[in-house]
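Subject: Structure handover

Dear colleague,

The structure you asked for is below, and my notes follow it. Please read them with the model open.

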Amino acid sequence: MTNHKKGKIYIVGAGPGDVNYLTVRGQQLLTEAEVLVYDALVDSLLLQLVPCDCQLFDVGKRGGRPSTPQATINQLLVDQCQQGKQVVRLKSGDPFIFGRSSSEIQALIAAECQFEVIPGISSALAAPLLAGIPLTDSVLSKCFAVVTAHQPEQLDWEALARIDTLAILMGGRHLAEIVQQLQNYGRSHQTPIALIRNGGRPQQQVWLGTLSTIVNQTLGISLSPVVIVVGEVVGLRAFMGLPDQDQLQDELNSQGCQDKHQPATETTKPLTGKTVLVTRSASQSQKFNQLLEQEGATIIEMPTLVITPPSSWAGLDYAIANLANFDWLILTSSNGVDYFFKRLLDNGKDARALVGIKIAVVGKKTAASLKQHNLQPEFIPPNFVADSLVEHFPESLTNKQVLFPRVETGGREVLVKELTEKGAQVVEVAAYESRCPDYMAPAILDAWQQRAIDIVTFASSKTVKNFYKLLKQAFNSSTETNLPHSNADSEQSAPSKTLHSLLDNVCIASIGPQTSESCRQLLGRVDVEAVEYTLEGLTEAIVAWETERGGKT
């Protein structure tokens, strides 16, 4: 059948990195995208704005690594447009500032594809501003130039050396040559220079020096992605009102060290400047994200659970048809609550069918989900874990008929075993399935490779196991292709040393004892365990850990 829907390509500037600097128009288009084609430097948080069924293509060009040829990108855009798709081509910064947009636009015009270009804030402008460096000044800088040093031999260094201020992109690997060329054509060796890495992101870092010192100050440091600012305006940073600026300036000038960017007008929260990876299912992470964001954290979502209906409803349907035979209904998760009551409605019943049945739930969140159906549980164990449910059960379980809707595969068997040992007749039925995603999103993989993650959180043993599987799979996968693919069933194992090294200097945070045990078995350690086994308790534990180690300033 011919697809008569008309496709369109939206070439969108993503800005300097942080999702807060994306334009309103850009955000709107991301939320409506059917296909997303994105660059390497795009913030992974932006990828979370697209619909869950949006098709993602990572075509980023990374220095020293295999990348997608421009001709392939051009054809991909044309193909997707001709299939009638609404495609967002997401580029870092502004599409028309070293964004390679002209080649793509020419290909779209040749194929008679509709397109629209949406501007973005270039890192050449935003990074200096966010580092407290003005590019112009009525005395020190009456003009500035933006250049790319990707191929420094092609630049007119004699002309560039005469310009008051230079903002240089893609120059991290050629810093020594840049410095030498400017001095060769007359710039003083005392000319101030600033290197701004990850400009506009929570992990922004700044090095200050002069043309004679900056190379030695940054020896052995990977600077990409970096904006280099050369000119007397760099010295104005001391007067731009950044926190503790006088002391910081002295340290930077004498030691060549770096500082984490923090807004001058915002009181620093405990997790400010920390990037937290949340591994809950995509549909259930919102509350946890909000708790962490309230403490200043930047959130990256890496869903390690995909929640779906079970392979068959037969068991649950039979139990619902015979609810009158049960004494207790036990629900141990929000998923169990949600899928049980959905199926109850599908069978033409509602909460009134539970008259005469007592309900026990594990955890505050499960109780809150039950409350959405205007029901209160008769029993919640005090420790919010399934293991304490039998220990503190309010009545004898001998000959009690217990209905236990649960995950179809991968759940712990201890609860059923202990209930049975106490004399209960337990009927287990599959209410939902929880499986591992097919692959780790390329943006998440990039975040790990760039050491951009400070804390990783786990709310269940299954999230730990799936995280380990995805991480192992991702770093075993071939880098010959940039397109997402699935090899979730691969049993090939990367050396554990390599996987564990990715977690060096990353805080591993667990919601409770069973989850912590899985962390120790698969990841080698756990750094934080919640005292109260809830999302609120996990947030409090992370904040306490960060504050104790001096993270709060």
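Residues 24 or more positions apart make up 67% of the contacts in the chain with a separation of 6 or more, where contact means heavy atoms within 4.5 Å. This is a predicted model, so local features need pLDDT of at least 70 and side-chain atom pairs count only at pLDDT 80 or more, while totals for chains, interfaces and linings use all residues. Residues are numbered from 1 along each chain as its sequence is written, and side-chain values use heavy atoms, with hydrogens and water left out.

Overall

The chain has 20 helices and 21 strands; these are DSSP runs numbered from the N terminus, helices being H or I with at least four residues and strands E with at least two. Of its 553 residues, 51% count as buried. Buried means under 20% relative accessible area, exposed means over 50%, and partly exposed is in between (1.4 Å probe, protein chains only). The accessible surface comes to about 25,600 Å², and 49% of that belongs to carbon and sulfur atoms. Areas come from the Shrake-Rupley method with a 1.4 Å probe, and for residues only the protein chains shown count as cover.

Cores

The largest nonpolar core has 28 residues, of which Leu277, Met440, Trp448, Phe467 and Leu523 touch the most other members. Such a core is a set of buried Ala, Val, Leu, Ile, Met, Phe, Trp, Tyr and Cys residues joined through side-chain atoms within 4.5 Å. At least two residues each come from helix H16 (442-449), strand S19 (455-458), helix H17 (461-476), helix H18 (496-502) and helix H19 (513-523). H17 gives the most, with six residues. Another core, of 26 residues, lies apart from this one and includes Ile307, Leu329, Leu354 and Ile359.

Leaving aside neighbours within four places in sequence, Leu523 is in contact with Phe458, Val464, Phe467, Tyr468, His500, Leu503, Ile508 and Ser518. Two of these contacts, Phe458 and Phe467, are themselves an edge-to-face aromatic pair, at 5.1 Å centre to centre with 70° between the planes. Both Phe458 and Phe467 are buried. The structure holds six aromatic pairs; rings of Phe, Tyr and Trp (its six-membered ring) pair if their centres lie within 6.5 Å, and planes under 30 degrees apart count as stacked, over 60 as edge-to-face and the rest as tilted. Elsewhere, ring pairs link Trp328, Phe379 and Phe393 into a cluster.

Strand S8

All six residues of strand S8 (192-197) are buried, so the strand is largely enclosed by the rest of the structure. Pro192, Ala194 and Ile196 point one way, and Ile193, Leu195 and Arg197 the other way. In a regular strand the side chains alternate between the two faces of the sheet. S8 runs antiparallel to strand S9 (205-210), joined by six bridges, and pairs with S10 in the antiparallel sense over five bridges; two strands pair if DSSP finds at least two bridges between them. Ile196 has Val206 as its bridge partner in S9 and stands opposite Val227 in S10.

Helix H12

Helix H12 (334-346) has 13 residues and reaches 18 Å from its first C-alpha to its last, close to the expected 18 Å, which is 1.5 Å times one less than the number of residues. Its buried residues include Val337, Tyr339, Phe340, Phe341, Arg343 and Leu344. Among the elements that cover the buried residues of H12 are helix H11 (314-321), helix H13 (364-371) and strand S18 (425-435). Just after H12, Gly348 takes a positive phi of about 80°.

Backbone points to check

Most residues other than glycine have a negative phi, and most peptide bonds are trans. The peptide bond from Ser224 to Pro225 is cis, with omega near -5°, and Pro225 sits in the loop between helix H8 (214-217) and strand S10 (226-230). Asn399 has a positive phi, near 65°, in the loop between helix H14 (387-391) and S17, and counts as exposed at 57% relative accessibility. Asn505 also has phi near 65°; its place is the loop between H18 and strand S20 (507-510), and Asn505 is exposed at 79%.

Regards
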